[in-house]
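Colleague: I am new to this one. Could you walk me through it, one question at a time?

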Amino acid sequence: MFLAATDIAREVDNAFLWIGGTCLLLLVGVTVTMLWFVFRYHHTRHKKAAQIEGNLALEITWIAIPTVLVIWMFFKGYEGFKVMRNVPPDAMQINVIAQSWFWTFEYPDDKIVTDRLVLPIDTSVRFNLSSKIDDVTHSFYLPDYRVKEDCVPGRDTHMWIHTQTLGTFNIFCAEFCGKDHALMVSSLEVVTPEEYELWKERMIAEQNKPLDMTTAIDPESEAILARDADQLYATYCATCHGENGMGGLVEGARNFTTNDDWTNGNSISGIYQTLTEGIPGGQMRSFSQLSKWDRMALVHKVRSYHRGDDLVVDTPEALAELDERYELTKQTPVKRRLPIERAMQILTVEQGGEGGAEVGAEGGTEGARLEGEEGGEE
Ligand code: HEC
Ligand SMILES: [Cu+2]
């Protein structure tokens, strides 16, 4: 009847319609009877009030029927609730982090971080929900899946879905969380397993790509221009620092056109540090979830708003120190969970063709928690 992405969503709709329908029926029944009584027993038609004694059979009936109804509603709701709370043990894990006013999704097994969710079809997925510790309460809402759960600072909550339909679905924040609550939207894309693998490989490669310092500090270099800093800025920064970098949309948000009163300054190394660590005590959070190249593109974007000729230039020493502190030019080793079949293959080869089956039998998923091929050996 409604657009629903899963069987659970259809069950929620069913429960909703049954309970809603019952309530409507009762509402109409009670109202019509009441109006009839008002009309029928109006004093012009019914001069003398009757004294009515109790009627045991009637009283038992109108206690029993609503009690049965309410208990039935409870179980109708409880059945669905049980399914929704019991996550299958083999579910894929995704960490969802809510922040004013955007979502960040971490794939802990693959070390991917993104602002848009991509999931393979026919998979159970557990969302581990949280809100940044110094942020407010948000609510992770997937309307097409009919599921919603609060993200509360300092408390871990969870929710799960089983992807059943290919397509792109809305993600909303369902808790009024401040100025740009309405912009706190994202999307969930459900794709085929092959497309998912491709996406995953691409994300892993992109997010761990080491910086090349000479290219990275040049705002006009192809690698920097390729990051689409305008889009990044609009998604992550404009809600506080404004579309034209004038700041002030939340208290104290820095104006990028001047260099007055900055804590870390507007040098490349200063802004990169700000983006990686945040400014403690205020609303300027860490954006370390963004890839190194994205952070560097944002550094140049922030600097592009500067007016006047006092833009701070980094010394080679400052850049070298930045590189060392954040390992910018180093390839991050990637630890990944391999698919079980692939892990078995590797084990079988390593053990000269023997014992593969044994490991599979006792190892379970832990056996599959091997280090990835790329750089994992270091
Ligand atoms: C939730 C609001 C908010 C968002 C979103 C936000 N900022 Fe900020 N930002 C602030 C505030 C507030 C300050 C002032 C911090 C202080 O000095 O206490 C600040 C300060 C800064 C500074 C100056 C640091 C210094 O040295 O003083 C830079 C640079 C900056 N932000 C860049 C960014 C970029 C780039 C983004 C997007 C990736 C961003 N901010 C997103 C609120 C925000
Ligand atoms: Cu929110």
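Modeller: Gladly! Let us begin with M184, which is buried, with a relative accessible area of 0%. Please keep in mind that this is a predicted model.

Colleague: Which ligand is coordinated by M184 (SD)?

Modeller: M184 gives its SD atom to a site that also takes ND1 of H138 and SG of both C173 and C177. These donors sit at 2.0 to 2.6 Å. What they coordinate is the copper ion (ligand 2).

Colleague: What spacing do the donors of the copper ion follow along the chain?

Modeller: The donors of the copper ion (ligand 2) are H138, C173, C177 and M184. Written as a pattern along the chain, their spacing is H-x34-C-x3-C-x6-M.

Colleague: What is the geometry at the site of the copper ion?

Modeller: The site of the copper ion (ligand 2) has four donor atoms, with angles of 91 to 127° among them. Four donors count as tetrahedral if all angles lie between 85 and 135 degrees. The site of the copper ion is therefore tetrahedral.

Colleague: Is H138 buried or exposed?

Modeller: The relative accessible area of H138 is 0%. Buried means under 20%. H138 is therefore buried.

Colleague: Which residue is the bridge partner of H138 in β7?

Modeller: Strand β6 (residues 138–142) pairs with strand β7 (residues 147–151) in the antiparallel sense, over five bridges. In β7, the bridge partner of H138 is C151.

Colleague: Which residue in the turn of the β6 and β7 hairpin has a positive phi?

Modeller: β6 and β7 form a hairpin with four residues between them. One residue in the turn has a positive phi of about 55°, a positive value in a residue other than glycine. That residue is R146.

Colleague: Let us turn to the other metal. Which residues coordinate the iron atom of ligand 1?

Modeller: The iron atom of ligand 1 is coordinated at 2.0 to 2.1 Å, through an NE2 atom and an SD atom. The residues that supply them are H241 and M284.

Colleague: Which of the two, H241 or M284, counts as partly exposed?

Modeller: H241 has a relative accessible area of 9% and is buried. M284 has 24% relative accessibility. The one that counts as partly exposed is M284.

Colleague: What is the geometry at the iron atom of ligand 1?

Modeller: Ideal angles are 90 or 180 degrees for six octahedral donors. Here the angles among the six donor atoms run from 87 to 179°. The site of the iron atom is octahedral.

Colleague: How many residues surround ligand 1?

Modeller: The closest are C237, C240, H241, R254 and M284. By class, the shell has 14 nonpolar, eight polar and two charged residues. Helices α7, α8 and α9 each supply at least two residues of it. The number of residues that surround ligand 1 is 24.

Colleague: Which residue has a side-chain N or O atom 2.5 Å from an oxygen atom of ligand 1?

Modeller: Some polar contacts of ligand 1 go to the backbone: an oxygen atom of ligand 1 is 2.6 Å from a polar backbone atom of T263, and an oxygen atom is 3.3 Å from one of G265. The side chain with an N or O atom at 2.5 Å is that of R254.

Colleague: Last one: is D261 buried or exposed?

Modeller: D261 lies in the loop between α7 and α8. Its phi is near 60°, a positive value in a residue other than glycine. With a relative accessible area of 67%, D261 is exposed.

Conventions
Residues are numbered from 1 along each chain as its sequence is written. Chains are lettered from A and ligands numbered from 1 in the order in which they are written. This is a predicted model: local features need pLDDT of at least 70, side-chain atom pairs count only at pLDDT 80 or more; totals for chains, interfaces and linings use all residues. Side-chain values use heavy atoms; hydrogens and water are left out. Donors are N, O and S atoms within 2.8 Å of the metal (3.2 Å for Na, K and Ca); water is not among the atoms, so sites may look incomplete. Four donors count as tetrahedral if all angles lie between 85 and 135 degrees; four count as square planar and six as octahedral if opposite donors are over 155 degrees apart and all others between 65 and 115; anything else is irregular. Buried means under 20% relative accessible area, exposed over 50%, partly exposed in between (1.4 Å probe, protein chains only). A residue is near a molecule or strand if one of its heavy atoms lies within 4 Å of it. A polar contact is a pair of N or O atoms within 3.5 Å; within protein, one must be able to donate a hydrogen and the other to accept it, and residues adjacent in sequence count only if both atoms are side-chain atoms. Ala, Val, Leu, Ile, Met, Phe, Trp, Tyr, Cys and Pro count as nonpolar, Asp, Glu, Lys and Arg as charged, and the others, Gly among them, as polar. Two strands pair if DSSP finds at least two bridges between them.
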